[in-house]
Amino acid sequence: MKLSSIGDRHRPKYRPLLSYRLQDAISRKVSGAERCLHATIRPLPPRQIRCVTPFRGRHARHPMSTSPAPRPSYRVLQPLERGGVRARRGFYYQDHVAAQYCLQMLSDPDLLEVWCEGLDDVTLVWRLGSLELFEFVQVKKLDLKQFWSTALLIRPDGKIKRDEAEDEEGQAGGDQALSLLQKSLANDRGDEPCCFRLVTSVKPNKLLRLLMSPRGHAVRRGARFIQLRAELLAALPGFTSENGNDVGFWTDSTVWEVHDSYDTLQYKNLHTLRAFGDQTGHHLQEDQWVEVYKKILQLVQDAAMQHDDYALDSQRLSKSTFTSWLQQAIAATARPGQGGVKMLERKLTSAHLHDRLDHAIDQRIAYRRRAVDSGYFNLASREDVEAAARHVLGRLVASLDAGVLEPGPAFYEECLTALDNLAREFPGHSFVWPSFLEGYMYDLAQRCVHRFGRPLI
């Protein structure tokens, strides 16, 4: 039987069918994400059960057509874009986004895996009944001078970065002749159901903001959403995925998510991380939670850096693997003092400072002796000085993570210089010698609060 044309698939009968599908999903009492994902399912006979969801690959054909040729699973597909691994300095917006989904796996039973790079910027694997649903996430951190519009969404990706702004990586990757929408829809080429997500730092305009509503929401059955759908279809007429799905399918299957800055994402992710700690009985200090979060960022960044070799196991973080790793990372941060100075030794060695280990141990011992000597100085004065030292060192680590400072000996020298300058700011405190502050820095490193290179994972 002949497949239906694009026009046939989008006749006026679509709207009442959408409403009926939503009612059918609710009546079946599917829960959580599954209810949302089933919201536009067409009820069909059991023999056609593999052709029921719009969030799918080859199953989007006419329900009465003959069975299509089988397509490979997304688990074995090669990525569409295979740009070389770029030299990365610091953590990117995309790393914070991937960390958000990794943390979401801790509480969401339907989110099974997070893939860093690979098929898309981030790929999420969801449980959808007895099936797996693949959600392809495009991440864009651009300093646009306007809201995202339909024109920008269908504009060639490379031209946006040249004319509007530079992305955080300073260069464009992949096929720059395709628009953001086309790149996203092009991922629809596997056997399993699929859907899409955009994560941007700039909000979409008023019409595109309809995509920020959940899939299956009533707003997606309104006249303005139908207008948006028609506008996007008209902008890219005839463009379809390998599975034969057009821009209307993308519009129905896409959610738009906005996080305006790194700080917004980090604040949200730290809140989720602390909540997980409360549930599991781990109570860390704030600076220790920040250090655990930096380890998560390093984990997802390392996974993304495997892109060139397409190391599947390294790129894909499963729920069980990530949960086990995180529990170990929290436990190690909560009990850094066990094993003498092992943590300090690891941090110095990883930063190519192993020749400073004996000196660091001596300075730390001297600091701790002074810190417990109540006759040496009063507690309030010591706490003020230590708070100032933590602030100075914390700012330096932030610059290190942002790629402003180089890890290793150069960063170590920056820390010593900063502490020397800080000691001069306390002329009335005879105990505030550079050696005292240096010993405190090594104590912080042993407690997983300070480091001289990338986070240890």
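# Reading the helices, the sheet and the buried residues

In this predicted model, 68% of the contacts in the protein chain between residues at least 6 apart in sequence join residues at least 24 apart. The chain has 18 helices and six strands, and buried residues make up 52% of its 457 residues.

Me: Why is Leu198 called buried?

Reply: The word buried is used for a relative accessible area under 20%, and Leu198, at 0% relative accessibility, therefore counts as buried. Leu198 lies in strand S4, and, leaving aside residues up to four places away in sequence, it touches Gln138, Leu153, Leu180, Trp250, Thr254, Val255, Trp256 and Glu257. Its C-alpha atom is 9.3 Å from that of Leu181, a residue 17 places away in sequence.

Me: How do you know that S4 and S5 are paired?

Reply: Pairing requires at least two bridges between two strands, and five bridges join strand S4 (residues 194–200) to S5, the two strands running parallel.

Me: What makes S5 an edge strand, and which other strand is an edge?

Reply: The sheet is open, with six strands in the order S5-S4-S3-S2-S1-S6 and with mixed pairing. Strand S5 (254–258) and strand S6 (316–318) are its edges, since each pairs on one side only. On average, neighbouring strands of this sheet are turned by 20 degrees against each other, direction ignored.

Me: What makes the passage of H11 and H13 a helix packing, and how are the two helices placed?

Reply: Helix H11 (residues 286–304) and helix H13 (residues 319–334) pack with their axes 10 Å apart and at an angle of about 145 degrees, and H11 passes H13 in a right-handed crossing. On the H11 side the contact is made by Gln288, Trp289, Val292, Lys295, Ile296 and Leu299, and on the H13 side by Phe322, Trp325, Leu326, Ala329, Ile330 and Thr333; a contact here stands for heavy atoms within 4.5 Å. These residues divide into nine nonpolar, two polar and one charged. H13 also lies across strand S1 (111–116) and S6, running at about 80 degrees to S6.

Me: Why are the buried residues of H14 said to line one face of the helix?

Reply: In helix H14 (residues 342–350), the buried residues are Met343, Leu344, Lys347 and Leu348. Seen down the axis of H14, they fall within an arc of 130 degrees, and so they line one face of the helix. As a general point, an α-helix has 3.6 residues a turn, so residues three or four places apart point the same way.

Me: Why is His352 called exposed, and where does it lie?

Reply: Exposed is the word for a relative accessible area over 50%, and His352, at 60% relative accessibility, therefore counts as exposed. Its place is in the loop between H14 and H15, and its phi is positive, about 60 degrees, although His352 is not a glycine.

Methods. Residues numbered from 1 in each chain as written. Predicted model: local features only at pLDDT ≥ 70, side-chain atom pairs only at ≥ 80, totals over all residues. Heavy atoms only, no water. Axes fitted to C-alpha atoms, helices over the stretch in contact; angles between N-to-C directions. Helix = DSSP H or I, 4+ residues; strand = E, 2+ residues; numbered from the N terminus. Left-handed = near helix turned anticlockwise from the far one by under 90°. Nonpolar A, V, L, I, M, F, W, Y, C, P; charged D, E, K, R; others polar. Buried < 20%, exposed > 50% of the residue type's maximum accessible area, 1.4 Å probe, protein only. Arc of directions from axis to C-beta.
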